[in-house]
Amino acid sequence: LVIGAKIAIHSIERSFRTNVVRPILVNGRPLDADTREGVMVYFILTFLIVLASIPLLALFESGHSLEGAVSAVAACFFNIGPGFAEFGPTENFSGLTAPGKILLSLLMIMGRIELFAVLVLFLPSLWKKFS
């Protein structure tokens, strides 16, 4: 989050001061372009996965509110504990259908283990290489 914030501030500054050359420093060391790109890819992928998962869960679970779907996706992907509404601290996920539970379980795995390690499993080139 700190690196993402520094990249955002640096980009805003470069938009109106085009001639300024100032490195992004983390712990007193400059941040290279590959690390900046990796951080931004991670943030964009996280945003897109959460953004795509909310309507998908709402589609699977039509009897729940949008607030409940948003909080369930956030709670599972970011592993932050209970959500709000139907998934609050006094409720649980037992009333979900099988597709909803599978989606939230996949989100838990992606958020807990490693996002890129799980996403690489869906690349056809990986399967062609090892088959």
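**Exercise 1. Thr 46 in its surroundings**

Locate Thr 46, decide whether Thr 46 is buried or exposed, and name the residues that Thr 46 touches.

*Solution.* Step 1: Thr 46 lies in helix 2 of this predicted model. Step 2: the relative accessible area of Thr 46 is 8%. Buried means under 20%, so Thr 46, at 8%, is buried. Step 3: leaving aside residues up to four places away in sequence, Thr 46 touches Phe 77, Phe 78 and Leu 115.

**Exercise 2. Helix 2**

Compare the span of helix 2 with the expected value, then state which helices its buried residues pack against.

*Solution.* Step 1: helix 2 covers residues 33–60, which makes 28 residues. Step 2: at 1.5 Å a residue, 40 Å is expected, and the helix reaches 40 Å from its first C-alpha to its last, close to that expectation. Step 3: the buried residues of helix 2 are Val 39, Thr 46, Ile 49, Val 50, Ser 53, Ile 54 and Leu 57. Step 4: these buried residues pack against helix 1 (2–16), helix 3 (66–77), helix 4 (98–112) and helix 5 (115–119).

**Exercise 3. The largest cavity**

Give the volume of the largest cavity and sort its lining by class.

*Solution.* Step 1: the count is one cavity of 30 Å³ or more, and the largest cavity has a volume of about 30 Å³. Step 2: its lining consists of Leu 57, Ala 58, Glu 61, His 64, Ser 65, Ala 69 and Phe 87. Step 3: by class, four lining residues are nonpolar, two are polar and one is charged.

**Exercise 4. Aromatic rings**

State how many aromatic pairs there are and which residues ring pairs link into a cluster.

*Solution.* Step 1: the count comes to four aromatic pairs. Step 2: ring pairs join Tyr 42, Phe 43 and Phe 116 into a cluster.

Note on methods:
Residues numbered from 1 in each chain as written. Predicted model: local features only at pLDDT ≥ 70, side-chain atom pairs only at ≥ 80, totals over all residues. Heavy atoms only, no water. 1 Å grid on protein atoms, 1.4 Å probe; cavity = no way out; pocket = protein on both sides within 12 Å on 5 of 7 lines; lining within 4 Å. Points joined across faces, edges and corners; volume = space filled by probe spheres on them. Nonpolar A, V, L, I, M, F, W, Y, C, P; charged D, E, K, R; others polar. Helix = DSSP H or I, 4+ residues; strand = E, 2+ residues; numbered from the N terminus. Expected span 1.5 Å × (residues − 1). Buried < 20%, exposed > 50% of the residue type's maximum accessible area, 1.4 Å probe, protein only. Contact = heavy atoms within 4.5 Å. Phe/Tyr/Trp six-rings, centres within 6.5 Å; stacked < 30°, edge-to-face > 60°.
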